[in-house]
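The following paragraphs lead the reader through one protein chain, element by element. Please keep the sequence and the structure in view while reading.

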Amino acid sequence: MNCKKDLVSIISPCYNGEKYLPAFLDSVLSQTYPSIELIVVNDASEDKTQEILEKYVDEFKKRDYSLIVINQKENKGQAAAINAGLKLISGSFMTWMDSDDIFYPDAIEKKVKFLKENRNIDFVLNYGEVVSESDINTRLGLIQRIKPSKNDCLFKDLLDENNVIYGPGSICVRTEALKTVLPDMEIYESREGQNWQLMLPLSYSCKYGYLNEVLFKYVIHPDSHSNKERTYEEQLARRDNFHILQVKTIESIINMSEIEKKYWCNYSYNRKIMGKYKISLRCFKFKEASVYYKELKNNKVKLKLHEKIMIYTMYSIVSTMIGKIKK
């Protein structure tokens, strides 16, 4: 079983992981699957990350696993770290995982088993559970994609940010499929992350399946990038950056026609405007919100029912609050 064709490559970007890295590394070491290489990209950490990684090299050897450490001199973000790791993978299967999250012991085994039993499937999706760093044993919630009963289009749902998991612990892909959609084994580098850049090409070109089990812990940290409190302007800039990375990724999809690329890039743009409209409402920026809403109407964007309900509710609440203040 412990042969190269069965090897699973795990890529994990890490920046200042001193507090949470040991739990992640221990979760890899506790895997029931026998053939794993872990590629940790130390993204110019300023704490004891490198010292911790060095201590674990021998532990991985004892487990007959491989721990490969890439030390970047400059902090470049998760997408750049993924690119550094992609150049080194040698397994038949690949997954990526945030270094502050935790694998269930049988996570890798179950994913590989699923892919081996379903040869027509290129990658598999699974569930995760949300926990707090202060208590990783108490489940706060689930993150999952519920398989749609019809019109199962993960590609579109990713752009809609609807019924999808962005936690990387939710996916495992055949390396040959990954190389088909990323022949250069490189994604667009953005500070906003790496998941769209990997998952959009895969979801457009490949067949995917569902393993409806919880196989990793998504650990919430008060100081994490995703939980960072942002100003109104920062939230708008983030939507711009999301759109840019989506467009760069869509344009790189090798088997998508130019007409379809134009359609999906325009679709992404309208989703950006929708995002800015919602942000403006939440931040009581009604003048700006009206501008975004007018653009959506001019672009003939059809709102989904849940979007109509949310926007109407949000607008009603804010209008009522302003009415009370004026009284």
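**A guided reading of the chain**

All eight of the eight residues of strand 2 (residues 36-43) are buried, so this strand is largely enclosed by the rest of the structure. The model in which this is seen is a predicted one. The burial concerns both faces of strand 2: Ile36, Leu38, Val40 and Asn42 lie on one side, Glu37, Ile39, Val41 and Asp43 lie on the other, and all of them are buried.

Strand 2 has a pairing partner in strand 1 (residues 8-14); the two run parallel and are joined by seven bridges. Within this pairing, Ser12 stands opposite Val40 of strand 2.

Strand 8 pairs with strand 4 (residues 93-96) in the antiparallel sense, over two bridges. In that pairing, Met94 stands opposite Val173 of strand 8. Strand 8 also pairs with strand 6 (residues 123-132), in the antiparallel sense and over three bridges. There, the bridge partner of Leu125 is Ile171 in strand 8.

Two packed helices are described by the angle between their axes and the distance between the axes. Helix 8 (residues 232-252) and helix 9 (residues 258-282) pack at an angle of about 170°, and their axes are 9 Å apart. Since angles over 145 degrees count as roughly antiparallel, helix 8 is therefore roughly antiparallel to helix 9.

Which residues of the two helices meet? From helix 8, the residues involved are Tyr232, Gln235, Leu236, Arg239, Asp240, His243, Gln246, Val247, Ile250 and Glu251. In helix 9, they meet Lys261, Trp264, Cys265, Ser268, Tyr269, Arg271, Lys272, Gly275, Lys276, Ile279, Ser280 and Arg282. By class, the contact of helix 8 with helix 9 comprises eight nonpolar, six polar and eight charged residues.

Two residues of this contact may be examined individually. Ser268 belongs to helix 9. With a relative accessibility of 1%, Ser268 counts as buried, because buried means under 20% relative accessible area. When its neighbours within four places in sequence are left aside, Ser268 is in contact with His243 and Gln246, both of which are among the residues of helix 8 that meet helix 9. The other residue is Val247, located in helix 8. Val247 has a relative accessible area of 15% and is buried. Between Val247 and Tyr267 there are 20 residues of separation in sequence, and their C-alpha atoms are 9.8 Å apart in space.

Asn163 is not a glycine, yet its phi is positive, at about 55°. Asn163 is placed in the loop between helix 5 (154-160) and strand 8. Is Asn163 buried or partly exposed? With a relative accessible area of 27%, Asn163 is partly exposed. Met185 likewise has a positive phi, of about 50°, although it is not a glycine. Met185 is found in the loop between helix 6 (175-181) and helix 7 (195-205). At 8% relative accessibility, Met185 counts as buried.

The chain as a whole can now be described. There are eleven helices and nine strands in it. Of the 327 residues in the chain, 51% are buried. Among contacts between residues at least 6 apart in sequence, 79% join residues at least 24 apart.

Key
Residues are numbered from 1 along each chain as its sequence is written. This is a predicted model: local features need pLDDT of at least 70, side-chain atom pairs count only at pLDDT 80 or more; totals for chains, interfaces and linings use all residues. Side-chain values use heavy atoms; hydrogens and water are left out. Axes are lines fitted to C-alpha atoms, for helices over the stretch in contact, and angles run from 0 to 180 degrees between N-to-C directions. Helices (H or I, at least four residues) and strands (E, at least two) are DSSP runs, numbered from the N terminus. Angles under 35 degrees count as roughly parallel, over 145 as roughly antiparallel, 65 to 115 as roughly perpendicular and the rest as oblique. Contact means heavy atoms within 4.5 Å. Ala, Val, Leu, Ile, Met, Phe, Trp, Tyr, Cys and Pro count as nonpolar, Asp, Glu, Lys and Arg as charged, and the others, Gly among them, as polar. Buried means under 20% relative accessible area, exposed over 50%, partly exposed in between (1.4 Å probe, protein chains only). Two strands pair if DSSP finds at least two bridges between them.
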